[in-house]
Amino acid sequence: MKEPENIIEFKQILEAALLTAGQPLSLDDLLKLFAGRMERTTLRMLLDELKQDWAQENTAKTLELVQVATGYRFQAKPQFSEFIARLSPEKQPKYSRAVMETLAIIAYRQPVTRGDIEQIRGVAVNPNVMRQLQERDWIDVVGQREVPGRPSLYATTKHFLDDLNLRSLSELPPFEDFAQSEIPLEN
Amino acid sequence: MQTQLTLGIRVHGETLSELPQDLYIPPDALEVYLEAFEGPLDLLLYLIRKHNLDILDIPMAQLTAQYMEYVEKMKVIKLELAADYLLMSAMLIEIKSRMLLPKPVEVAEEDDPRAELVRRLMEYEAIKLAAQRLDAMPQVGAEIQVAAAYYQHIAEVKPIDVSLDELVEAWRNVLKRAKLTTHHKIGKAELSVREHMSLILRRLKADGMVEFSALFDVVTEGLPKLVVHFLAILELAKEGLIRITQQQAFSPIYLQANTSE
């Protein structure tokens with residue numbers, strides 16, 4: 001094929017690359033497709049158009065183009081998930097409450113040390129919990145707190161955002177939403 | 001939005017559906033019981049939210065006695081968890097004793113000793129709900145399927161065909177070098193092209209890919225032998241028994257046996 005010349009051809013190349021990627025592609029990745037013959041702003045515009053083409057209203061398409069933390073990816077529209085899930089006989093095991101609470105603390109309070117997590121949860125952090133989250137590439141060490149012992153500071157990764165379909169942490173439900181009624185202090 | 005805890009605890013064959021009001025839990029059931037909670041904060045939160053328990057109403061002496069008994073039992077199993085619960089009861093006792101002390105009027109208003117505990121409880125409660133929300137969000141690998149249409153990313157490398165001119169040029173080079181090293185003629189020899197074809201084929205079979213000039217031993221072989229050798233190569237190529245390739249003009253020429261496919 002010749003170098004693309006019109007919007008339709010540009011979009012077709014983007015579409016083919018994104019459909020075969022299997023993971024999000026960043027704007028920088030996508031610019032490589034056109035070997036320097038594409039402006040960033042134009043690319044954004046084309047991606048927006050592509051997103052429109054595959055939008056939920058278009059019932060002829062079974063995929064949708066979404067933007068997550070590390071870039072753009074095609075994924076099955078949510079209404080098909082339950083069917084596709086039947087293909088994998090083994091369900092992904094649910095994380096324990098300890099894992100999810102630890103993750104929530106890191107997501108909302110990052111960067112935090114193990115000590116911070118223990119202070120909030122009131123129990124010692126099981127090393128296994130941290131390992132599970134690190135192996136999933138949902139958290140990593142971003143530095144050390146300058147106190148005795150220099151404990152590691154943990155934060156959530158971009159991969160975590162990707163896996164939860166988020167572009168940034170600000171898309172998480174606001175923490176204030178979880179505040180419950182005041183515990184009364186009777187005198 | 002109250003959090004639901006389902007407790008399926010059996011003590012002496014009877015199912016406990018509700019936390020006993022006097023907080024007494026038989027030590028043999030304790031481990032099971034505590035596993036339903038994520039720790040002392042979680043347990044305390046449950047008592048406060050579900051049973052409207054006033055932090056101050058907990059009978060401290062009794063509670064402490066029980067906790068001590070549990071700790072003794074748990075030393076063997078889960079010392080760390082026991083320590084967490086012990087710390088909590090110590091904190092409760094500290095709060096209660098502060099509250100019981102008469103407050104001197106002239107001392108500036110002291111913070112309510114319960115305030116810090118309430119703050120921690122409420123923060124933990126929010127985290128607990130946030131964790132449930134995160135858990136309910138669609139995830140890649142479960143509810144989200146990322147498109148990955150198949151694409152073979154490895155491009156096929158096709159060897160470049162060698163033109164006859166290049167082969168002739170390479171041959172001339174061999175001859176040139178042969179001239180430089182020939183001293184004298186060794187007697188007559190019967191040279192068979194076919195024999196050389198076999199020699200070359202055997203060599204290619206053993207070494208795989210061989211560079212063109214490496215096939216000519218210009219130092220020890222006389223000119224006629226080199227000619228026969230070259231003829232043998234041409235014959236092999238003609239019969240399609242070998243493949244001759246070159247990446248680009250003037251780069252080394254390689255020979256390899258044409259394995260039947």
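This is a predicted model: local features need pLDDT of at least 70, side-chain atom pairs count only at pLDDT 80 or more; totals for chains, interfaces and linings use all residues.

Student: How many helices and strands does chain A have?

Tutor: Helices (H or I, at least four residues) and strands (E, at least two) are DSSP runs, numbered from the N terminus. Chain A has eight helices and four strands. In sequence order, their pattern is α-α-α-β-β-α-α-α-α-β-β-α.

Student: What percentage of the residues of chain A count as buried?

Tutor: A residue is buried if 20 or more other C-beta atoms lie within 10 Å of its own, exposed if 12 or fewer, and partly exposed in between, with C-beta atoms placed from the backbone. By that rule, 24% of the 187 residues of chain A are buried. Strand S2 (residues 71-76) of chain A is mostly covered, with five of its six residues buried.

Student: In which sense does S2(A) pair with strand S1 of chain A?

Tutor: Strands of a sheet pair through backbone hydrogen bonds, either parallel or antiparallel. Two strands count as paired if DSSP finds at least two bridges between them. Strand S1 (residues 63-68) of chain A and S2(A) are antiparallel and share six bridges. They form a hairpin with two residues between them, and Val66(A) stands opposite Arg73(A) in S2(A).

Student: At what angle do helices H5 and H6 of chain A pack?

Tutor: Axes are lines fitted to C-alpha atoms, for helices over the stretch in contact, and angles run from 0 to 180 degrees between N-to-C directions. Helix H5 (residues 97-109) and helix H6 (residues 114-121) of chain A pack at about 115°, and their axes are 10 Å apart. Two residues are in contact if their C-beta atoms, placed from the backbone, lie within 7 Å. H5(A) contributes Glu101(A), Thr102(A), Ile105(A) and Arg109(A) to this contact, and H6(A) contributes Asp116(A), Ile117(A), Ile120(A) and Arg121(A).

Student: How do the residues of that contact divide by class?

Tutor: Ala, Val, Leu, Ile, Met, Phe, Trp, Tyr, Cys and Pro count as nonpolar, Asp, Glu, Lys and Arg as charged, and the others, Gly among them, as polar. The contact of H5(A) with H6(A) has three nonpolar, one polar and four charged residues.

Student: How many residues does each chain give to the contact between the chains?

Tutor: Chain B gives 41 residues and chain A gives 38. On the side of chain B, the elements that give two or more residues are helix H2 (40-51), helix H4 (79-100) and helix H5 (114-136). H5(B) gives the most, with 16 residues. By class, this side of chain B has 25 nonpolar, four polar and twelve charged residues.

Student: How is H5(A) placed against H5(B)?

Tutor: The two helices pack at an angle of about 100°, with axes 8 Å apart. H5(A) is therefore roughly perpendicular to H5(B), a term for angles of 65 to 115 degrees; under 35 counts as roughly parallel, over 145 as roughly antiparallel and the rest as oblique. Residues of the contact include Met100(A), Leu103(A) and Tyr108(A) from H5(A), and Ile127(B), Ala131(B) and Leu134(B) from H5(B). The contact has ten nonpolar, no polar and four charged residues.

Student: In what order do the three strands of the open sheet in chain B lie?

Tutor: The order is S3-S5-S4, with antiparallel pairing. Strand S3 (209-211) and strand S4 (242-246) of chain B are the edges, each pairing on one side only. The twist from one strand to the next averages 30°. Helix H7 (residues 193-207) of chain B packs on the sheet and touches S3, S4 and S5 of chain B, its direction making about 90° with that of S5(B).

Student: Is Glu211(B) buried or exposed?

Tutor: Glu211(B), in strand S3 of chain B, is exposed because 12 other C-beta atoms lie within 10 Å. Its bridge partner in S5(B) is Tyr254(B). Beyond residues up to four places away in sequence, Glu211(B) touches Pro252(B) and Tyr254(B).

Technical notes
Residues are numbered from 1 along each chain as its sequence is written. Chains are lettered from A and ligands numbered from 1 in the order in which they are written.
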